[in-house]
2 protein chains.
Amino acid sequence: MSRALDAARDASSRGEVPVGAVVTDAAGTILAVAGNRTRELNDPTAHAEMLAIRAACTALGSERLIGCDLHVTLEPCPMCAAAIGFARLERLYYGAPDPKGGGVDHGARVFSHATCHHAPQVYGGIAETDAATLLRDFFAARRQA
Amino acid sequence: MSRALDAARDASSRGEVPVGAVVTDAAGTILAVAGNRTRELNDPTAHAEMLAIRAACTALGSERLIGCDLHVTLEPCPMCAAAIGFARLERLYYGAPDPKGGGVDHGARVFSHATCHHAPQVYGGIAETDAATLLRDFFAARRQA
């Protein structure tokens with residue numbers, strides 16, 4: 001999660017909402033690291049999780065990340081949650097909960113429906129304080145700007 | 001929708017699940033056309049809608065597609081539905097309903113939650129028979145293969 005937090009800090013320094021994500025394989029080796037790049041890429045789908053999943057799939061030459069884990073600083077939104085399912089990720093570790101935009105433990109709760117083809121094991125609240133502080137400081141600075 | 005059906009047929013000929021999508025602007029001009037490319041790209045996020053949204057955003061140089069519409073041959077999954085919301089698309093026209101994988105009128109029903117920031121106007125069942133036939137024929141052929 002520390003690498004994901006670093007990626008979130010990098011995103012913040014680029015003016016992006018500070019969210020970072022890392023995909024690791026079954027041995028714990030890092031396959032991909034990404035921060036949010038929606039503004040830079042003019043791409044509303046360029047959330048940290050999506051970029052990390054796509055990069056890890058490219059690295060493995062597969063559209064499935066069997067046995068791999070995703071570590072992300074914020075609870076994934078419904079888009080990213082569904083992508084996590086499609087990629088067949090084994091475990092999801094996330095930092096801060098997101099009552100307003102989350103789609104795992106809030107809102108659409110993507111993994112809770114009978115139609116969900118694959119749900120990862122979910123562990124929330126990992127390094128939650130660091131992740132939440134990053135987000136709070138980013139939005140506080142934007143409100144003052 | 002006829003262009004979206006063409007893109008779905010193209011996807012089928014590449015061995016991809018036959019789904020096609022088109023983004024049009026407020027004047028009805030086509031900004032982007034895409035078919036499903038998850039296998040070709042080894043990318044579980046490369047659904048037709050995602051590719052069309054990303055291409056349209058690139059064409060406009062914006063992460064929001066204000067006043068634009070999405071036409072897609074199959075009810076979007078939760079990932080694509082959330083992306084439609086992030087892109088602020090005005091209207092969603094879809095072909096066949098998808099009780100097993102859809103996330104608009106089935107399953108996660110992404111637009112139905114209080115936490116959803118933007119919901120498009122949704123019109124389902126557009127050219128439904130053509131879209132559903134394409135999918136049925138594709139899966140029937142695969143089962144025989």
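Contact here means heavy atoms within 4.5 Å. The structure shown is a predicted model.

**View 1. The interface between chain A and chain B.** In this interface, 30 residues of chain A are in contact with 30 residues of chain B. The two chains bury about 2400 Å² between them, 65% of it on carbon and sulfur atoms. On the chain A side, A:Asn42, A:Pro44 and A:Glu63 lose the most area to chain B, together accounting for 24% of what that side buries.

**View 2. Polar and charged pairs across the interface of chain A and chain B.** Two salt bridges are found across this interface. A salt bridge joins the side chains of A:Arg54 and B:Asp43, with an N to O distance of 3.1 Å. Six residue pairs in polar contact are also found between the chains. Helices α2 (38-41), α3 (48-60) and α4 (78-86) of chain A each give two or more residues to the side that touches chain B, and the largest share, five residues, comes from α4(A). The chain A side divides into 14 nonpolar, 11 polar and five charged residues.

**View 3. The annotated site of chain A.** An unreviewed UniProt entry carries the annotation "binding site" for A:His47, A:Cys77 and A:Cys80. These residues span 34 residues in sequence, yet no two of their C-alpha atoms are more than 9.2 Å apart, so they gather at one spot.

**View 4. Surroundings of A:Cys77.** A:Cys77 lies in the loop between β3 (69-74) and α4 of chain A. Its relative accessibility is 8%, so A:Cys77 counts as buried. Beyond four places in sequence, A:Cys77 touches A:His47, A:Glu49, A:Gly101, A:Gly102, A:Gly103 and, from chain B, B:Phe86.

**View 5. Surroundings of A:Cys80.** A:Cys80 is placed in helix α4 of chain A and counts as buried because its relative accessibility is 0%. Apart from neighbours within four places in sequence, A:Cys80 is in contact with A:His47, A:Glu49 and A:Met50.

How values were computed: Residues are numbered from 1 along each chain as its sequence is written. Chains are lettered from A and ligands numbered from 1 in the order in which they are written. This is a predicted model: local features need pLDDT of at least 70, side-chain atom pairs count only at pLDDT 80 or more; totals for chains, interfaces and linings use all residues. Side-chain values use heavy atoms; hydrogens and water are left out. Buried area is the accessible area (1.4 Å probe) that two parts lose on being put together, summed over both. A salt bridge is a side-chain nitrogen of Lys or Arg within 4 Å of a carboxyl oxygen of Asp or Glu. A polar contact is a pair of N or O atoms within 3.5 Å; within protein, one must be able to donate a hydrogen and the other to accept it, and residues adjacent in sequence count only if both atoms are side-chain atoms. Helices (H or I, at least four residues) and strands (E, at least two) are DSSP runs, numbered from the N terminus. Ala, Val, Leu, Ile, Met, Phe, Trp, Tyr, Cys and Pro count as nonpolar, Asp, Glu, Lys and Arg as charged, and the others, Gly among them, as polar. UniProt positions are given in the numbering used here, feature names are shortened, and annotations may be inferred rather than shown by experiment. Buried means under 20% relative accessible area, exposed over 50%, partly exposed in between (1.4 Å probe, protein chains only).
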